[in-house]
Amino acid sequence: MSRRRLLSGVQPSGKIHLGNYLGALRQFIDSQSDEGTERFLFIANYHALTSLSDRAIVREYSLEVARTYLAVGLDPERTLIFLQSDVPEVCELAWFLSTVTPMGLLERATSYKDKIARGLTPNHALFAYPVLQAADILIYDSHLVPVGRDQKQHIEMTRDMAIKFNATFGETFIVPEPQIQENLALIPGTDGQKMSKSYGNTIDLFDERKAMKAQISSIVTDSKGLDEPKDPDGCTVFQLYRYFATPDEIAEMAERYRAGGYGYGHAKMALLDKIQDYMAPYRERYRQLSDNPDRVIEVLREGAKKARAVARATTDRARDAVGML
Ligand code: ADP
Ligand code: TRP
């Protein structure tokens with residue numbers, strides 16, 4: 001039986017934070033041990049042009065995502081990692097797909113409406129974003145697309161395009177399924193809201209102790225005094241600690257909260273120690289990769305070579321289906 005192919009894309013929109021890592025990346029990395037699946041993960045730098053127009057930033061963020069992913073354990077032997085722009089066939093396929101995409105479908109896209117509401121210029125690329133995303137998915141004959149809830153509509157649109165294309169031009173594409181992690185916990189940021197780049201409440205992955213200490217010290221807690229008993233479950237520090245500590249350590253900290261005589265400052269230092277220890281080997285690898293961008297680019301090019309072979313075959317099928325001589 002052929003293996004199921006998982007595909008996902010990530011926009012290079014800045015530094016990866018602890019919320020991204022615990023909320024999405026860690027599961028993706030864990031899935032690498034599943035022999036029954038293949039993984040393609042690309043950096044959506046064409047898509048990033050809908051919000052970035054500084055070439056240095058587009059390049060830097062693309063490398064930043066790649067080196068972070070490699071540092072925390074994405075293994076190029078088990079996950080193809082590549083740049084969207086290294087497979088330009090995807091733009092050709094997007095054109096074919098746009099011929100089966102009703103305007104009304106794109107007009108209903110909530111992410112388009114949200115982006116306009118946030119002040120992005122309503123240009124054609126932003127409007128056509130879901131068509132390029134559909135091409136990203138269909139071009140690799142993907143079965144499953146693991147994404148956050150906000151991307152569900154885009155995957156449904158992809159399915160619509162695949163079904164309509166197949167009906168119009170003959171069976172060409174695999175109709176993919178979304179894999180939405182509904183029960184995914186939202187990782188809180190330093191202010192207790194969802195950790196997000198846009199809220200300025202993030203904890204970075206690879207900071208040295210001093211810088212990370214400043215971020216962790218800024219986590220908002222209630223104003224209970226040192227001696228008072230505290231509720232671990234309502235506390236952001238404890239919630240984050242749970243992701244890094246062993247079950248025994250978690251139980252012990254909960255006990256200390258409830259007993260009193262244990263301050264938020266203590267808990268924050270325990271959290272700091274845990275994250276520092278956990279990240280130490282990753283931080284080292286991140287540093288090495290930062291000093292060696294050529295190595296990162298080599299991995300990306302190698303990934304693209306394999307991905308492009310799949311893309312070429314799908315694009316040829318589509319060209320033939322629509323009647324390109
Ligand atoms: P941001 O909100 O910082 O811009 P993105 O929207 O780029 O983050 O999210 C990238 C990935 O990380 C998505 O898969 C998203 O579901 C996940 N993610 C982002 N923030 C969190 C969070 N606070 N908790 C859990 N997962 C998150
Ligand atoms: N739109 C996705 C996001 O903002 C990124 C993306 C682009 C993507 N192409 C994709 C995700 C294909 C999954 C599959 O997060």
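This is a predicted model: local features need pLDDT of at least 70, side-chain atom pairs count only at pLDDT 80 or more; totals for chains, interfaces and linings use all residues.
**Two ligands and their surroundings**

Methionine 195 puts a backbone N or O atom 2.9 Å from a nitrogen atom of the ligand. Next along, serine 196 uses its side chain: an N or O atom there is 2.8 Å from an oxygen atom of ligand 1. With lysine 197 we're back to the backbone, where an N or O atom sits 2.8 Å from an oxygen atom of ligand 1. On its own, ligand 1 would expose 540 Å², and the protein buries 75% of that.

Over at ligand 2, there are 14 surrounding residues, with His47, Tyr129, Gln133, Asp136 and Gln151 the closest. Here the side chains are worth a look. Tyrosine 129 has a side-chain N or O atom 2.7 Å from a nitrogen atom of ligand 2. Glutamine 133 brings a polar side-chain atom to 3.0 Å from a ligand nitrogen, and for glutamine 151 the distance from a side-chain N or O atom to a nitrogen atom of ligand 2 is also 3.0 Å. Of the 360 Å² of accessible area that ligand 2 has by itself, the protein covers 88%.

Which elements give two or more residues to this shell? They are strand S1 (4-10), helix H7 (124-138) and strand S4 (144-147). H7 contributes the most, with four residues. By class, the shell around ligand 2 holds seven nonpolar, six polar and one charged residues.

Conventions:
Residues are numbered from 1 along each chain as its sequence is written. Chains are lettered from A and ligands numbered from 1 in the order in which they are written. Side-chain values use heavy atoms; hydrogens and water are left out. A polar contact is a pair of N or O atoms within 3.5 Å; within protein, one must be able to donate a hydrogen and the other to accept it, and residues adjacent in sequence count only if both atoms are side-chain atoms. Accessible areas come from the Shrake-Rupley method with a 1.4 Å probe; for residues, only the protein chains shown count as cover. A residue is near a molecule or strand if one of its heavy atoms lies within 4 Å of it. Ala, Val, Leu, Ile, Met, Phe, Trp, Tyr, Cys and Pro count as nonpolar, Asp, Glu, Lys and Arg as charged, and the others, Gly among them, as polar.
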